[in-house]
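Please keep the sequence and the structure in view while reading.

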Amino acid sequence: MAGQNDMSMAQHIERMIPLFNRMKWKMAAIGIGVGLVSGLLVVLYRLGIENCTRFARWMYAQIRVNPWLIVPWAFAALAVGLLIAWMISSEPMASGSGIPQTDGVVLAGLRMRWQTILPVRFVGGLLGAAFGLSLGREGPSIQIGASGAQFLSHRLRGRRREDVQEHYVVTAGAAAGLSAAFSAPLSGMMFALEGIHRSFSPVILMGATAASLTADFVSKYCFGLRPVLAFGSIAQLPLGEYVWLIPLGLLAGLVGSLMNRSLLGFQTLYGKLPAWSRPLVALAIALPVGIWLPDVLGGGSNLIGMAEHATTGLGMLCVLFVAKLLFTSTSFGSGAPGGIFMPILAVGSLAGGICGAAAQRLCGVSGGAVAVFAVCVMTGVLAASVKTPITSILLAVEMSGTLTHMLPVAAVVFIAMLVSDVLHTRPIYDALLERYMRAQKLDVQAPSAIGNGVLELPLEMGSQADGRRIRDVDWPSGCLVIGLRRGEREIVPRGDTVLRGGDYLIVLFSGEDERTVRLALHDLCDVDV
């Protein structure tokens, strides 16, 4: 009797809630669990990185006073460098930022093993931070969040290990990771959509939103209500000084393109060295930097505050800008576990602070404009480098705690994006993913097939399938469109159903490699930009 009641209840729910809405609310429920698991993991990682970075500054201060400490430091650096090299050779997906690898899992069907990624991320990231490498925690936090989500997905599915809907859960974990790392839930949610999944499906949105908000609650419970980069009260930019937004946007676009070229260039140089020696070189460079420019150590959140107030003088800001850019490139190029999200923000804020201090000194710009310049250029550099304009704007809004600066920030972001496109600057994480796949020979070795599953994806206006009947579209072998959502309507698709831009398709595939199917469907449903 109880079984019959349960069955009738399930059937009643299915009649009340259409298929597409059931998927949304299922993802929302899973997203809450993902936010708790991933949020807790990221909080632990964030605590460890902060303490290790403080230790690095203390350690180099001691070496500055007692030079004989260089000897034990050298032995420790040798051991740590070889350990990091061994760990990233054993688990290449845990090297570098982690965002490109997460992109590859969601978009290209790469395999991710949370069992090995999590220990390498924690141990390798903490060791690098203890020696002051210029690496951020935000990129690794995204992969840690995605790995926590994969762990939860495996627990929920039991023995059914290969389920294409795991990609939705991984996207939610990525949102939770950035949300907990920055205490910025809107930015985390939007970056998962704009930078990871590259689509705005309602199903993905529900999962990412629930996970991001839950992880933000976990983060705020542990660290308080202030965001990581709380700028506090920033004066509004007077309308008469809005003309400065054009040169600020040009500067941000140039710095973002320079940042990408420097990161990729040093990674290429490191590629000429034996793999075991690369972390050793990065740690060796950290020694003089830690002794003479300790402000450059770590992710760079301290530099953002310095740039906002321009307290160190114009000359010192220029030195810190060059040092941070080069030290980030040498640290990241080694392959050590650590991200570039925060260092990019730090370099951008220093560029904005330099521009603001120079304009104040030479052109009589108001003192309060320096902080606005720093925020605008910082946001523009991130957008020009990563090509995620909406995420960048939301991040500035959440950091400043007000919407009053959205117009100048958005103006600088879109000018910077234009400059970046004119200079043919590829999104940094796309370039890094391509290099990773080429290095691991994943472009020719397809991952194991899922065999069957369901994909849900949006149809963009102007794509190959837009305006065509379902029967006239050259779908990948073994694929069948089983559902279609248009606005609030759910349509049972037939062969003569005409597809329109903005539709959401539910596609069943069977007997084909999931990565091949996903790429083929994106070719049909996406517009190349």
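## Terms and basis

On a 1 Å grid over the protein atoms alone, a pocket is an open set of points where a 1.4 Å probe fits, with protein on both sides within 12 Å along at least five of seven lines; lining residues have an atom within 4 Å of a point. Grid points are joined across faces, edges and corners, and a volume is the space filled by probe spheres set on the points.

The model is predicted: local features need pLDDT of at least 70 and side-chain atom pairs count only at pLDDT 80 or more, while totals for chains, interfaces and linings use all residues. Residues are numbered from 1 along each chain as its sequence is written, and side-chain values use heavy atoms, with hydrogens and water left out.

## The second largest pocket

The second largest pocket has a volume of about 680 Å³. Its lining consists of 25 residues, of which S95, Q267, R278, A439 and Q440 are the closest to the pocket centre. By class, the lining has 10 nonpolar residues (Ala, Val, Leu, Ile, Met, Phe, Trp, Tyr, Cys and Pro), three charged ones (Asp, Glu, Lys and Arg) and 12 polar ones (the others, Gly among them).

Helices here are DSSP runs of H or I with at least four residues, strands are runs of E with at least two, and both are numbered from the N terminus. At least two lining residues come from each of α3 (70–90), α4 (99–108), α10 (245–270), α13 (314–333) and α18 (428–439). Helix α18 gives the largest share, five residues. The pocket lies between domain 1 (22–223) and domain 2 (239–440), because both give residues to its lining; the domain bounds come from an automatic or database domain assignment.

## Salt bridges

A salt bridge is counted when a side-chain nitrogen of Lys or Arg is within 4 Å of a carboxyl oxygen of Asp or Glu. The structure holds 10 of them. In one, E91 pairs with R113, and the closest N and O atoms are 2.9 Å apart. E91 is in the loop between α3 and α4 and R113 in the loop between α4 and α5 (114–130), so this pair ties together parts that are 22 residues apart in sequence. For accessibility, buried means under 20% relative accessible area, exposed over 50%, and partly exposed in between (1.4 Å probe, protein chains only). E91 is buried at 4%, whereas R113 is partly exposed at 45%.

E434 and R438 form another salt bridge, at 3.4 Å from N to O. Both residues belong to helix α18 and are four residues apart, about one turn of the helix. E434 is partly exposed at 39%, and R438 is partly exposed at 47%. D472 also forms a salt bridge, with R469, and the closest N and O atoms are 2.9 Å apart. Elsewhere, salt bridges that share partners join R46, E50, R137 and E138 into one network.

## Two buried aspartates

D503 is in the loop between β3 (489–491) and β4 (504–512). D503 is buried, with a relative accessible area of 1%. Contact means heavy atoms within 4.5 Å; not counting residues up to four places away in sequence, D503 touches L457, P458, L459, L484, R485, R486 and V498. The C-alpha atoms of D503 and R485 are separated by 5.8 Å, and the two residues are 18 residues apart along the chain.

D216 is part of helix α9 (residues 202–223). At 8% relative accessibility, D216 is buried. With residues up to four places away in sequence left out, D216 touches S179, S183, A184 and P185.
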